[in-house]
Amino acid sequence: MPQETSVSSLITVTDDTFAELVLASDRPVVVDFWAEWCPPCKMIEKSLVELAQEFGDRMVIAKLNSDDNPQATRRYRVMSLPTLLVFRGGEVVGSVVGSRPKLHLRQSLTMHAGL
């Protein structure tokens, strides 16, 4: 069962749950690689929550704390935070690096997720 974050529309993934919640998902999954010390990460969180509500069941938006989960961060060569990776069928199909306005995030995620 996905672990809910304090923000109810985003799920939390970890190194241990990544394969189950992201790679095996039958829906597109956006993973937000973030860290507590990252101000731009905090800036996009509200937009991601709103987008998760907009997309509803068509897409999953998940958060992964890069400091606490170094395996996934290294595996996908995440070098800057925030980084959003879009997965479909267990494969990375797109990315957004850095803080972006909600409109840009919506357009990018919709395009990469094939919605």
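Select Cys38 and Cys41 to begin: the two form a disulfide, with their sulfur atoms 2.3 Å apart. The model is a predicted one. The count of disulfides comes to one. Check the torsion about the S-S bond of Cys38 and Cys41; at about 80 degrees, it makes the disulfide right-handed. Both Cys38 and Cys41 are buried.

Next, select helix 2, residues 39-55. Its 17 residues reach 25 Å from the first C-alpha to the last, close to the 24 Å expected at 1.5 Å a residue. Where does helix 2 bend? Go to Glu45, where the bend is about 30 degrees.

Now colour the buried residues of helix 2: Cys41, Ile44, Ser47, Leu48, Val49, Leu51, Ala52 and Phe55. In an α-helix, residues three or four places apart point the same way, because there are 3.6 residues a turn. To see what covers the buried residues of helix 2, show strand 3 (29-34), strand 4, strand 5 (83-88) and helix 4 (102-113), which are among the covering elements. Past the end of helix 2, select Gly56, which follows the helix and has a positive phi, near 55 degrees.

Last, move to Ser66, in the loop between strand 4 (60-65) and helix 3 (70-75). Is Ser66 buried or exposed? Its relative accessibility is 8%, under the 20% cut-off, so Ser66 counts as buried. Display the side chains of Ser66 and Thr73, which are joined by a polar contact of 3.4 Å. Leaving aside neighbours within four places in sequence, Ser66 is in contact with Phe33, Trp34, Thr73 and Leu81.

How values were computed. Residues are numbered from 1 along each chain as its sequence is written. This is a predicted model: local features need pLDDT of at least 70, side-chain atom pairs count only at pLDDT 80 or more; totals for chains, interfaces and linings use all residues. Side-chain values use heavy atoms; hydrogens and water are left out. Helices (H or I, at least four residues) and strands (E, at least two) are DSSP runs, numbered from the N terminus. Buried means under 20% relative accessible area, exposed over 50%, partly exposed in between (1.4 Å probe, protein chains only). A polar contact is a pair of N or O atoms within 3.5 Å; within protein, one must be able to donate a hydrogen and the other to accept it, and residues adjacent in sequence count only if both atoms are side-chain atoms. Contact means heavy atoms within 4.5 Å. The expected span of a helix is 1.5 Å times one less than its number of residues. The bend at a residue is the angle between axes fitted to the seven residues ending there and the seven starting there. A disulfide is a pair of cysteine sulfur atoms within 2.5 Å.
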